[in-house]
Amino acid sequence: MTAPPSLPRSAEVHGEPGAGWRLAPYWPDLAIGVTDQAIDTAEHLLRGLALLHERGRLSEAEVRILALPAQRLRQCAQQAQQIVRLHSGQVRQTHEKIDVATVVAAVLADERAALAAQGIEVQCELQSAEVLIDPTLAYGLVQTLLSWGLQFGTRLHWQVIPAHSGGAGAVEVALHVRGTTAPDAEAVHANGLPWLLVQQLAHSDGGVTLQRGIGQGAVQLLAQLRRLPPASAPVAAD
């Protein structure tokens, strides 16, 4: 039997326990690889279901039921991917003067069909309020606030409150969520993916603080955006 070739000394050292190799520097690459695979798998499954529907093998109702797990997998993977990229500093920001009410309205408009399909009721009190924030980050923040809130009920009440009418030097985005049962305090304070993404987005901006809790039978989430344009005059609500 031929003896196996000897390994280079460097390979032997790295193969020994406690030789200095650590996973920590590689975890972002590992996480991105896993999330990319999950997203790709979900996309393939959704395309397959659409093809079966086109060929008459599945009804529209069956497609909706079977697609739900794939959609949830894709959403979780996308949220995890965003957390890793933000944490790794892979997202560059450009702070611009943005009307928060416009951002909330845009997110709700983009999600209108999906919310209607789930039977979600949405009420809004959106007053124009400008802050300095990266536009993509602002949209992602509101979108993730929505994703977090949808875990707790089907009746959503959004408020955008300018700094001059409440909040100490901050524009406030408040979300109140009501469901058919009393809110579960443990679930509200759990650190699931949507909440971790909200926190990472707030941390990446550096000018956003978050509060969550239960009050008056509703789940409540308050985001305070403290980076305001200098000497900004109050803007009338649309």
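## Overall composition

Of the 238 residues in the protein, 35% are buried, a figure that, like every other value here, is computed from a predicted model. The protein contains 8 helices and 7 strands, and its accessible surface amounts to about 14,300 Å², with 55% of that area belonging to carbon and sulfur atoms.

## Packing of α4 and α6

Two packed helices are described by the angle between their axes and the distance between the axes. For helix α4, spanning residues 100-110, and helix α6, spanning residues 135-149, the angle is about 60° and the axes are 9 Å apart. Helices α4 and α6 are therefore oblique to each other, and the crossing in which α4 passes α6 is right-handed.

On the α4 side the contact is made by V103, V104, A106, V107 and D110, which meet A138, Y139, V142, Q143 and L146 of α6. Sorted by class, this contact of α4 with α6 comprises 8 nonpolar residues, 1 polar residue and 1 charged residue.

## The setting of T144

Once the neighbours within four places in sequence are left aside, the residues in contact with T144 are P194, L197, V198 and L201.

Technical notes
Residues are numbered from 1 along each chain as its sequence is written. This is a predicted model: local features need pLDDT of at least 70, side-chain atom pairs count only at pLDDT 80 or more; totals for chains, interfaces and linings use all residues. Side-chain values use heavy atoms; hydrogens and water are left out. Helices (H or I, at least four residues) and strands (E, at least two) are DSSP runs, numbered from the N terminus. Buried means under 20% relative accessible area, exposed over 50%, partly exposed in between (1.4 Å probe, protein chains only). Accessible areas come from the Shrake-Rupley method with a 1.4 Å probe; for residues, only the protein chains shown count as cover. Axes are lines fitted to C-alpha atoms, for helices over the stretch in contact, and angles run from 0 to 180 degrees between N-to-C directions. Angles under 35 degrees count as roughly parallel, over 145 as roughly antiparallel, 65 to 115 as roughly perpendicular and the rest as oblique. A crossing is left-handed if the near helix is turned anticlockwise from the far one by less than a right angle, and right-handed if clockwise. Contact means heavy atoms within 4.5 Å. Ala, Val, Leu, Ile, Met, Phe, Trp, Tyr, Cys and Pro count as nonpolar, Asp, Glu, Lys and Arg as charged, and the others, Gly among them, as polar.
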